[in-house]
Amino acid sequence: MRAGPGSDPGPAVPRKVLFPFVGNSVGGSHLSALTLIAGLDRARYEPVVGLHSRGGALDDHLRKLGLPVLDLPRIAMPRAAPFWRNLPRMLRARRPLSRVLRREAIAIVHTNDRRMHFAWGPACRAADVPQIWHQRTPAPGPRLDGYARFPERVLTISEFCRASLPPRMRARAEIVINPVAPEPADPAEARERLHRAMGRRETGPIIGFVANFAPRKEPLFFVALAAALADRPDRPRFVMLGDARPPLGPAVREEIARAGLAGRCHVLGSRIPVAPWMAGLDLLVAPARDEGLGRTLIEAMLAGIPVLASDDGGHREVVVHGRTGWLAPPGDLEAFRRGAERLLGPPGRDILQAARTDAEARFAPAAHVTAIEGIYDAA
């Protein structure tokens, strides 16, 4: 019954925002979304994290955080394909997903990766629920324009990402930079943790690669750089933190052996949270290409770790070359070697304060949450 004039409408009920995920991995998009979820005003918004698949890395991470999880229907996931080829899968998923939206009284769906963008668009339209499409990776090519009819708002994380979108999506996209909260971690404890994981304790610098093993992350290039730096008098060691699943995991291990780096370069696998490990590094190397932004770079800058990254993609929007870090042409082994030599010396220490100050100013979670809440308010 509608309230009459002068009646007390009672307290406002928070609007439910669904964050659906596949659930089989944990990456930067998940961590950014979880930072947003932690900061949302609970008097206005009730975040609901949903998983299509339980028992994976994200499920484990959510359990450690104590976050409840909504079980989502198992569906045939859309693929990276033109709209007309994905349409049958999307239409088959529409009914079970729209039922979830109605049953759970979801007010907004905030999707954060390609499979979720595609799968939930028709369901949101059928249930008359606004979809916020958060594009966190570059997406060149025209195929996304077929999907542009579904989301109410399109967000992206950098000018590089926005510029990569096809015309209809690009015209609608708004840039909202990812939030990165500094995670307290003791460098001495982190270094001891790395020593134990490597099975040896030495005094030389520890150089790290922090990313899930995927071709564009360039883990094999990091091994080549390790080989180029292995003869330094201070005998650096190298650690690789990230999901090392096939095919690149075995390929990286084979290349480490072939380069004679056994006992010097260590594949430690995924570590979540990564801050208690990364804080022990003397240098972070990020050779990835086509990064939407570069969350790991920001985390390192906040932790006081020098960063050496490819001069490519969103890295250019994170690192000011020579002031807050060092950029090298992607795939240029000699340029990366020179950058590492520079950052491992005194000049590397000179830029740490500038890097931390810049990262704190530009990537503060509070500013991100305020921007997203404004978008929710208008949805």
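This is a predicted model: local features need pLDDT of at least 70, side-chain atom pairs count only at pLDDT 80 or more; totals for chains, interfaces and linings use all residues.

**First stop: a helix pair**

Select residues 83-103, helix H3, together with residues 114-127, helix H4. Their axes are 7 Å apart and the helices pack at an angle of about 55°. The crossing of the two helices is right-handed.

Next, display the side chains at this contact. On H3, select Asn86, Met90, Arg94, Leu97, Ser98, Val100, Leu101 and Arg102. On H4, the partners are Phe118, Ala119, Trp120, Pro122, Ala123, Cys124, Ala126 and Ala127. Coloured by residue class, the contact of H3 with H4 shows twelve nonpolar, two polar and two charged residues.

**Second stop: Thr156**

Move to strand S6, residues 153-156, and select Thr156. Is this residue buried or exposed? Thr156 has 0% relative accessibility and therefore counts as buried, the cut-off being under 20%. To see the surroundings, leave out residues up to four places away in sequence; Thr156 then touches His134, Gln135, Cys161, Arg162, Ala173, Glu174, Ile175 and Val176.

Select Pro246 and Pro247, which are joined by a cis peptide bond with omega of about 5°. Pro247 belongs to the loop that runs between strand S9 (237-241) and helix H9 (248-258).

Then select Ile272 and Pro273, where omega is about -5° and the peptide bond is again cis. Pro273 is found in the loop between strand S10 (265-269) and helix H10 (275-278).

Most residues other than glycine have a negative phi. Which loop holds Arg235? Look between helix H8 (219-229) and S9. Phi of Arg235 is positive, near 45°. At 40% relative accessibility, Arg235 counts as partly exposed.

Finish at Asp290, in the loop between strand S11 (283-286) and helix H11 (295-302). Asp290 is not a glycine, yet its phi is positive, at about 55°. Its relative accessible area is 36%, so Asp290 is partly exposed.

Note on methods: Residues are numbered from 1 along each chain as its sequence is written. Side-chain values use heavy atoms; hydrogens and water are left out. Axes are lines fitted to C-alpha atoms, for helices over the stretch in contact, and angles run from 0 to 180 degrees between N-to-C directions. Helices (H or I, at least four residues) and strands (E, at least two) are DSSP runs, numbered from the N terminus. A crossing is left-handed if the near helix is turned anticlockwise from the far one by less than a right angle, and right-handed if clockwise. Contact means heavy atoms within 4.5 Å. Ala, Val, Leu, Ile, Met, Phe, Trp, Tyr, Cys and Pro count as nonpolar, Asp, Glu, Lys and Arg as charged, and the others, Gly among them, as polar. Buried means under 20% relative accessible area, exposed over 50%, partly exposed in between (1.4 Å probe, protein chains only).
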